[in-house]
Amino acid sequence: MEVFFQILFWVSLLLLLYIYIVYGLLVYILAQRKPGSAPGKLTDRELPSLTVLIPAFNEAAVIGGKIRNTLSLRYPREKFRVLIITDGSTDGTEQIVRAFPQVDLLHEAVRLGKAAAINRAMQDITSDLVVLTDANTVLNEEALLQLVQSFDNPAIGAVSGEKLVVSSGAEELSSEGEGLYWKYESFLKQNDARLHSIVGAAGELLALRTNLFTPLEPDTVLDDFILSMRICEAGYRVAYQPDARAVEAGSFNLAEEQKRKIRIAAGGFQALGRLSKSWEYRNNPLLFFQFFSHRVLRWVAAAPALILLALSTIYLVVKGAGGVYELAGLVQLLFYGLAVIGWLGARTNTKWPIVYIPYYFVFMHWAILAGLIKYLTGGTDARWEKANRIRVPVNPESGDASGE
């Protein structure tokens, strides 16, 4: 029995090390062996036409600012359209949009969800590119110009911008941990893109070739992930452009962040079941390697591995199996102790910087397990669930944010 738990311990530990350290180092080394290729510099005449598509559900508090920010972006006006879809909004969002004659509006009273809204909006778009961006984000002035440069390469089917999470403000409860997580994700995406393709774009800012869009299943939760991966499955690559930035504030409180994370996790499991071509190793070995290592293992294996590592460590320490297991036990005890302190701080609206890293790590994996339960019990709902976020003035040109 002791040998079984020793095997369980080492398998769990090595799996976690691969997911969070080894894969990052491996993809970095492999990416360095590939020659870098800087995007071309398109002239105004060569720039493709594009439509900025903004799905907005009950965003009356921010939609005016979003429109003004979008209209201020640098791009030739004759090639630049703004389309906002507000299906199901009940707070007057569509009335605010109508006050801006420079933008187009699609609105229906029925709320079918974001995926259904995107499907409907895409029927109205004829431009070369479509840029999806959230209503609660602010883009930097050069965002559109930065995004479109990569499309000079015909192998590129989509380009993901960089998500920045604001990390200032005394009320913020989760942005510090989330910001560090997105910094790690930024490192992975830069190397994934250089090696082959990123596997999962940021829905806050995603550009794609209009002719590559395939209608989403109406109950799709992670529309950005599904859209970008299906473009990869079609034989194209998804590039990453960190100079195109979408800034958003963190969740208003722990409950809002919990609701959002669980929904994302449930949507992730839903997506894994629908991306059949991404599972086919022979179809694209490199894409499979990135998809499996970066997404599948993190969603499916990481949380169970943490639990099994803790259980096997407890058993081996009790059995007196050796000093290495006692050391592992002390490290885990310290880590989870700090996570508990971070959780207590979140519960009392108190921010203690050091403990927020282990707290957010544990919180994220707990949300994955809760999301799996929600998915297996049929609890996923594709209709918009607006999360309350801190309203902090953000400047995408500044460094006052932690990035994806």
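Visitor: Is Phe5 buried or exposed?
Guide: Happy to start there. Buried means under 20% relative accessible area, exposed over 50%, and partly exposed in between, using a 1.4 Å probe and protein chains only. Phe5 has a relative accessibility of 16%, so Phe5 counts as buried.

Visitor: What kind of model is this, and what is its average pLDDT?
Guide: This is a predicted model, in which local features need pLDDT of at least 70 and side-chain atom pairs count only at pLDDT 80 or more, while totals for chains, interfaces and linings use all residues. Residues are numbered from 1 along each chain as its sequence is written, and side-chain values use heavy atoms, leaving out hydrogens and water. pLDDT is the predictor's confidence in each residue, from 0 to 100. In this protein 87% of the residues score at least 70, and the average pLDDT is 87.

Visitor: How are the rings of Phe288 and Phe292 arranged?
Guide: Rings of Phe, Tyr and Trp (its six-membered ring) pair if their centres lie within 6.5 Å; planes under 30 degrees apart count as stacked, over 60 as edge-to-face and the rest as tilted. Phe288 and Phe292 both lie in helix α9 (residues 285–318), 4 residues apart, or about one turn of the helix. Helices (H or I, at least four residues) and strands (E, at least two) are DSSP runs, numbered from the N terminus. With centres 5.6 Å apart and planes at 15°, the pair is stacked.

Visitor: Where does Ser197 lie?
Guide: Ser197 is buried, at 0% relative accessible area. Leaving aside residues up to four places away in sequence, Ser197 touches Asp192, Cys232, Arg237, Val238 and Gln290. Its place is the loop between α6 (175–195) and β7 (205–209).

Visitor: How many helices and strands are there in the protein?
Guide: Of the 404 residues, buried ones make up 54%. The count for the protein is 11 helices and 9 strands.

Conventions
Contact = heavy atoms within 4.5 Å.
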